[in-house]
Amino acid sequence: MSQNAPRPSPPVEIILDKPRNLRCTMRALRMAEDRLSQIYGRRTSIFEVFEKGGKISATDLTVTLWSLLVSEDSCLTEDQVGDMLDIGNMNYVGEKLSELFGSSDGGPKAAQGEQRPLEHSRGLSSGPSLE
């Protein structure tokens with residue numbers, strides 16, 4: 001590996017049921033895309049998920065968060081992740097995802113040139129706006 005090669009983006013710590021680390025690897029992004037494609041019955045790009053006019057569904061959020069956490073805990077399920085999320089921590093989770101995806105060397109939007117994919121999010125499409 002070249003000394004000038006970019007290093008993988010560091011994990012972002014998030015406190016849910018316990019301290020955990022979000023890791024935005026290609027494996028994690030592929031896992032999210034594969035699972036969302038299975039749920040929606042059509043090929044779904046993770047980039048598409050974050051470009052839906054600022055609205056992210058509860059399913060999108062749960063699956064994406066699960067895929068970012070499962071490398072640290074291979075027994076973690078989508079249902080367990082869903083149980084860690086509630087209306088009281090949505091802003092916090094969004095901030096942590098923005099921190100991860102907004103890093104200059106990783107994340108779906110960083111790869112397309114935009115630095116903060118959740119910065120303009122108005123909340124979940126399946127619930128009230130959290131502004």
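**Confidence, burial and pairing in a predicted model**

Student: Over which residues does pLDDT stay under 50?

Tutor: Over residues 104–131, for which the model has 62 contacts beyond four places in sequence. Here pLDDT is the predictor's confidence in each residue, from 0 to 100, and a contact means heavy atoms within 4.5 Å. Where pLDDT is low, the predicted coordinates should not be read in detail. This is a predicted model in which local features need pLDDT of at least 70 and side-chain atom pairs count only at pLDDT 80 or more, while totals for chains, interfaces and linings use all residues. Residues are numbered from 1 along each chain as its sequence is written, and side-chain values use heavy atoms, with hydrogens and water left out.

Student: What is the mean pLDDT of the protein?

Tutor: The mean is 80, and 74% of the residues reach 70 or more.

Student: How many helices and strands does the protein have, and what makes a run count as one?

Tutor: Six helices and four strands. Both are DSSP runs numbered from the N terminus: a helix is H or I over at least four residues, and a strand is E over at least two. Read along the sequence, the pattern is β-β-α-α-β-α-α-α-α-β.

Student: Why is Ala-28 called buried?

Tutor: Buried means under 20% relative accessible area, exposed means over 50%, and partly exposed lies in between (1.4 Å probe, protein chains only). Ala-28 has 4% relative accessibility, so Ala-28 counts as buried. Ala-28 belongs to helix 1. Leaving aside neighbours within four places in sequence, Ala-28 is in contact with Arg-23, Ser-67 and Leu-68. The C-alpha atoms of Ala-28 and Trp-66 are separated by 8.7 Å, although these residues are 38 apart along the chain.

Student: How do you know which class Cys-24 and Cys-75 belong to?

Tutor: The same rule is applied to each. Cys-24 has a relative accessible area of 13%, so Cys-24 is buried. Cys-75 has 61%, so Cys-75 is exposed.

Student: How do you know what span helix 3 should have?

Tutor: The expected span is 1.5 Å times one less than the number of residues. Helix 3 has 12 residues and should therefore span 16 Å; its end C-alpha atoms are 16 Å apart, which agrees. Helix 1, residues 26–40, reaches 21 Å with 15 residues, close to the 21 Å expected. Just after helix 1, Gly-41 takes a positive phi of about 75°.

Student: What makes a set of residues a nonpolar core, and how many residues has the largest one?

Tutor: A nonpolar core is a set of buried Ala, Val, Leu, Ile, Met, Phe, Trp, Tyr and Cys residues joined through side-chain atoms within 4.5 Å. The largest has 30 residues, and those with the most contacts inside it include Leu-16, Leu-22, Leu-65 and Val-93. Strand 1 (12–15), helix 1, helix 2 (46–49), helix 3 (58–69), helix 4 (78–84) and helix 5 (90–101) each supply at least two residues of this core. Helix 3 gives the most, with six residues. In soluble globular proteins, nonpolar side chains tend to be buried together. Leaving aside neighbours within four places in sequence, Leu-22 is in contact with residues including Val-12, Ile-14, Leu-68 and Leu-97.

Student: Why are strand 1 and strand 2 called paired?

Tutor: Two strands pair if DSSP finds at least two bridges between them. Ile-14 stands opposite Arg-20, and Glu-13 has Asn-21 as its bridge partner. A hairpin joins the two strands through three residues.

Student: Which residues form the covered face of each of these strands?

Tutor: In strand 1, Val-12 and Ile-14 form the covered face, with Glu-13 and Ile-15 on the uncovered one. In strand 2, Arg-20 and Leu-22 are on the covered face, and Pro-19 and Asn-21 are on the uncovered one.
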